[in-house]
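This report describes selected features of one protein structure. Please look over the sequence and the model before reading on.

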Amino acid sequence: NKPNHTLMSLNNQDDEARDAVVDHLETAPVEPMRNDEMHVAHAEPQKDDQEEYSDCWYISMACLCLVIGVVIIVIMLVVVKDDDDGGIEPTMPPTPAPTEPFAMVADPQERLNILLSAVEKNPATAGMYQIPAVAFELKTAAASGSSSSDPVVRAADWVVHQDTYHVEREIVQRFALANIYYSTGGDDWINKEGWFGDSSYCNGWEGLTCCRSFYAELDPHQCVDKEDHHLIVCDLAENNLKGEIPAAFALLEHIEVLWLEGNILTGPLDPVVFGNMPALDALYVHRNSLSGGINGTIRSNGKLDTLFAHGNDFTGDWPIEFCPFCREAGVCESIPVAYTLDCRQMDCPALCCISNEVRNHCYKETEDVGGDGLRLLKEKV
């Protein structure tokens, strides 16, 4: 029995050892095979992906809000700019010359105040024009009595009460043009299409040229430092103008060339009027019925260098202001002027009518009769 007992003891020991091994295997920490470790290993990467997605979403929303905010600010700035500009969108790039404000004046009294201020500031018109200072009184004066035929009152009433184009920068010039029209028998003019229209005088008033329609290649010296709306040429030649030359021409401050030739204008050539036209450089009054002398102060604006005066009834001496300046006998400096005069009626200084000054023309009447009853010939002196 002892062997059996021993065998059984060994078997029991083997069973205990096996059970111990099994218990050890079941309780031993096998790190790679743990379910909780495997769960954590897979769960934490999923948590990182969610956090990264959440961060990207917040960043995207922040960028979108920033873009929307910038767009709103830009729109507000554009709206404010449009309000400042009176709702007018620029269609052309800015010109080198300063841009004047495009303001409207709807109130009749304000338009009258602007007109009266300009009239009183200009030496050619100050104190000469009797214009009522109250808009209502102006309207009454224009509709009654002798004032209804006064070209000054008629012109002022048209600008203040009848004209529908209320742009501030044209009020004074439109008054001047209306005054010229009424003063020289405008109803009998030959060329007057578009006058008193409801748009700018740059748009279709016959005989008027503004910088916007002037071709610079014709004369590069014109329209320098001027705006598109500046009236620079007034061509009323051979247009049946009658009477004296109106002082209102002095209110056309940007006119550079004035054509009045071939009309029925009478009276003097007033140097105060043309001397106070700051931009005038060429004046054509030949073939009219003007009389009196020609005063040299007509060039007092410092710009006038062309004066065609023949075919009138001027008398006296030709102004030396149009002659070369002589520092001493035989030493003269030619000044850049061009002029014409009637030699038999005006005395032309020899210094003025020098033969080598080819642009200076001296005219005389002849017995030969041309198509207009008078032919003017160039006289060489």
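The sections below cover a strand, the nonpolar cores and a pocket of this predicted model.

## Strand S13

Strand S13 spans residues 338-342, and five of its five residues are buried, so the strand is largely enclosed by the rest of the structure. In a regular strand the side chains alternate between the two faces of the sheet. Both faces of S13 are covered: Ala338, Thr340 and Asp342 are buried on one side, and Tyr339 and Leu341 on the other.

S13 runs parallel to strand S8 (residues 306-308), and three bridges join the two. Phe308 has Thr340 of S13 as its bridge partner.

## Nonpolar cores

The largest nonpolar core contains 70 residues. Phe175, Phe249, Leu269, Phe274, Leu283 and Trp318 have the most contacts inside this core. Elements that each supply at least two of its residues include helix H3 (108-121), helix H7 (271-275), strand S2 (231-235) and S13. Helix H6 provides the largest share, eight residues.

Leu283 touches Leu258, Leu269, Phe274, Ile298, Leu304, Thr306, Leu307 and Phe308, leaving aside residues up to four places away in sequence. There is also a second, separate core of seven residues, among them Cys211, Ile232, Val257 and Ala282.

## The second largest pocket

The second largest pocket has a volume of about 310 Å³. Its lining consists of 17 residues, and Ala118, Val172, Gln173, Leu251 and Glu253 lie nearest the centre.

H3 and H6 each supply at least two residues of this lining, with H3 giving the most, four residues. By type, the lining has eight nonpolar, four polar and five charged residues.

Technical notes:
Residues are numbered from 1 along each chain as its sequence is written. This is a predicted model: local features need pLDDT of at least 70, side-chain atom pairs count only at pLDDT 80 or more; totals for chains, interfaces and linings use all residues. Side-chain values use heavy atoms; hydrogens and water are left out. Buried means under 20% relative accessible area, exposed over 50%, partly exposed in between (1.4 Å probe, protein chains only). Two strands pair if DSSP finds at least two bridges between them. A nonpolar core is a set of buried Ala, Val, Leu, Ile, Met, Phe, Trp, Tyr and Cys residues joined through side-chain atoms within 4.5 Å. Contact means heavy atoms within 4.5 Å. On a 1 Å grid over the protein atoms alone, a cavity is a set of points where a 1.4 Å probe fits but cannot get out, and a pocket is an open set with protein on both sides within 12 Å along at least five of seven lines; lining residues have an atom within 4 Å of a point. Grid points are joined across faces, edges and corners, and a volume is the space filled by probe spheres set on the points. Ala, Val, Leu, Ile, Met, Phe, Trp, Tyr, Cys and Pro count as nonpolar, Asp, Glu, Lys and Arg as charged, and the others, Gly among them, as polar.
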